[in-house]
Amino acid sequence: MAKDAPRLEGRVLGGSYQILRKIGSGGMGAVYEAQSVRLGKRTAVKVLTGLSSSDATTAQRFRREAQIASDLGHPHIVDVIDFNETEDGIPYMVMEYLEGEDLEAVLGRVARLPVERAVFITRQVCSALHAAHGRGVIHRDLKPGNIFLCRNRDYEDFVKVVDFGISKVLGSESVQTSTAAVLGTPFYMAPEQALGESERVGPWTDVFALGAILYRALSGAQPFVADSVPALLYRIVHSEPAALAGHGEVPEAVARSIERALAKRPEDRHQSVRELSSELLAAVPAAASARDPGWEQRSEHDLPRTVTPGAGAAL
């Protein structure tokens, strides 16, 4: 039997985090603003709700999300501070408090983004995924709702990638997923995911999702649409999206990069997010941060190490 979502406002979790108010909710979770009782620092607490007492897989994914985000420690990945259970046995994770809005909300309001802004956001997501992929972690559920644009950071549109809940850890036997399972958000799902071919999932799978997100951000439309999920998955596998050339002032080089990212066969896409990001920067040089104008061009030895080698495989 599924547990009802608890009323947490006013409670102190683990003797450390006082819940102030609910700030968001979804099908399986709710997010609250909280405050450290000892330091007074604001945090966000994500609680797993609607969990059946026999649903060990969901709880495992939730714990793995916390572990992955904590271990990666990248500036463009939301920082997870703690993980525990309430007195009622409900899992929760404590994260840094983010101020701003996700890309889904932005696109719902403005429909299309200027090319420079869209590429600037995408390059930051690529930077986060570069760190994750380097540790064998594939996100598998990238979508505008999982790309948070922060205010009051080093610059406008400072990205935090969130929700590694269904991520795949390559080469890890601890990840229990059915070969035929279709995991991810349909609009941004790669063909190998739509076909349930989990053994073919790799960095190129996240590249496809980024291509779909960028397509939507620049055109105002999804690359693939249908009246039902099965029909949508069929189109992802078998149909081509409308050409971007007819949508505003999308540079030809950017349109080619998106087309390549959305290729049906994994081997025809960019083989890394770093390759995609470099291509986009070459096409739109203005889409660079003054603080970090070209992370893609730096040597692997110059890029920050995020976790100790082998940490991803142990999750």
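## Cavities

A cavity here is a set of grid points where a 1.4 Å probe fits but cannot get out. By that criterion, the structure, a predicted model, holds four cavities of 30 Å³ or more.

The second largest cavity has a volume of about 50 Å³. Its lining is made up of Leu 103, Leu 113, Ala 118, Ile 121, Thr 122, Val 125, Ile 147, Leu 210, Ile 213, Leu 214 and Ala 217. Ten of these residues are nonpolar, one is polar and none is charged. Helix α3 (115–134) and helix α5 each contribute at least two residues to this lining.

## Helix α5 and Ser 219

Helix α5 spans residues 203–219, and Ser 219 belongs to it. Ser 219 has a relative accessible area of 7%, which is under the 20% cut-off and therefore counts as buried. A polar atom of the Ser 219 side chain lies 3.1 Å from the backbone oxygen of Ala 221.

## Sheet

Six strands form an open sheet in the order β1-β2-β3-β4-β6-β5, and the pairing is antiparallel. The edge positions are taken by β1 (12–13) and β5 (80–85); each has a single partner strand, so one side of each is left without a neighbour in the sheet.

Strand β4 (residues 42–48) pairs with strand β6 (residues 91–96) in the antiparallel sense, over five bridges. Within this pairing, Ala 44 has Met 95 in β6 as its bridge partner.

How values were computed: Residues numbered from 1 in each chain as written. Predicted model: local features only at pLDDT ≥ 70, side-chain atom pairs only at ≥ 80, totals over all residues. Heavy atoms only, no water. Helix = DSSP H or I, 4+ residues; strand = E, 2+ residues; numbered from the N terminus. Buried < 20%, exposed > 50% of the residue type's maximum accessible area, 1.4 Å probe, protein only. Polar contact = N/O pair within 3.5 Å; in protein donor to acceptor, adjacent residues only side chain to side chain. Pairing = 2+ DSSP bridges. 1 Å grid on protein atoms, 1.4 Å probe; cavity = no way out; pocket = protein on both sides within 12 Å on 5 of 7 lines; lining within 4 Å. Points joined across faces, edges and corners; volume = space filled by probe spheres on them. Nonpolar A, V, L, I, M, F, W, Y, C, P; charged D, E, K, R; others polar.
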